[in-house]
Amino acid sequence: MTGTVHLVRTGRVRRIVLDRPDAANALDMSMARQLRKAVAELDRDTGCVLIQAEGRAFCAGGDVAAFAAAEPPGQFLAELAEVVHESVAALAAAEFPVVAAVQGWAAGAGMSLAAICDIVLAGTSARFRAAYPGVGLSPDGGLSWSLPRLVGRSRAAELLLGNRAVDAEEAAAIGLVARVVPDAELRDEALALATRLADGPTEALGRTKKLLFEGHPSLVGQLAAEAASIALCADGPEGRAGVAAFVEGRAPVFHPEP
């Protein structure tokens, strides 16, 4: 395979693989555009997306050397952020779960990419850092939106303003990642999780994801959204299949072979 981002189809799982290991998978313009293209190519048969990376790091953020070479740098960064943000917005709005498998550093835009995913598994080597203050920049990639929702406003402010690194165990303790697994088991564990999700009721999972992302500010409003969502699921083929399987005492099959 050529390029620095690959889209690999494994059943109903779509793996987006960052493959610029010599640069710690730092995002330059070419890589950002390839990521956007991979996300845009996700099809209707997608049951789950798994974002993973080659090498020792998940993603060290943006390519700072490219920032330094740009003139003017502000215009370059605005263009780069726009490309990355198209991917982030599409992943957040996707009607299927998105899983990230993080080993080594997830810094800057790499932390942003992980934080927008629905479920993050971290290898024991994983490290997270906002990184933006270290080069005199403010966040992008949605991190100022996603991080407070994951860890709370005060802790998010500490991490974004103080630029403190968080290891895998602390990341799990504060809710930044779902759980930690040994590095040697990360790929297999993440693929197994993605496969289970892909085999599940995609419509229901997508609606659940929407409820989580678009939570109503009031309980009454959220209850109304839940009622509308569960009714739509119940009338759909997956809901009918799941209820029928439960009544008949068998395991549901949400995506039968054609």
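Trainee: How many aromatic pairs does the structure hold?

Mentor: This is a predicted model, in which local features need pLDDT of at least 70, side-chain atom pairs count only at pLDDT 80 or more, and totals for chains, interfaces and linings use all residues. Residues are numbered from 1 along each chain as its sequence is written, and side-chain values use heavy atoms, with hydrogens and water left out. Rings of Phe, Tyr and Trp (its six-membered ring) pair if their centres lie within 6.5 Å; planes under 30 degrees apart count as stacked, over 60 as edge-to-face and the rest as tilted. The number of aromatic pairs is 2.

Trainee: What is the angle between the planes of Trp145 and Phe213?

Mentor: Trp145 belongs to helix α5 (residues 143–151) and Phe213 to helix α9 (residues 202–213), so the pair ties together parts 68 residues apart in sequence. Helices (H or I, at least four residues) and strands (E, at least two) are DSSP runs, numbered from the N terminus. The pair is stacked, with 5.9 Å centre to centre and an angle between the planes of 5°.

Trainee: Is Ala106 buried or exposed?

Mentor: Ala106 is placed in strand β5 (residues 105–107). Buried means under 20% relative accessible area, exposed over 50%, and partly exposed in between (1.4 Å probe, protein chains only). With a relative accessible area of 0%, Ala106 is buried.

Trainee: How far apart in space are Ala106 and Ala130, C-alpha to C-alpha?

Mentor: In sequence, Ala106 and Ala130 are 24 residues apart. Their C-alpha to C-alpha distance in space is 8.5 Å.
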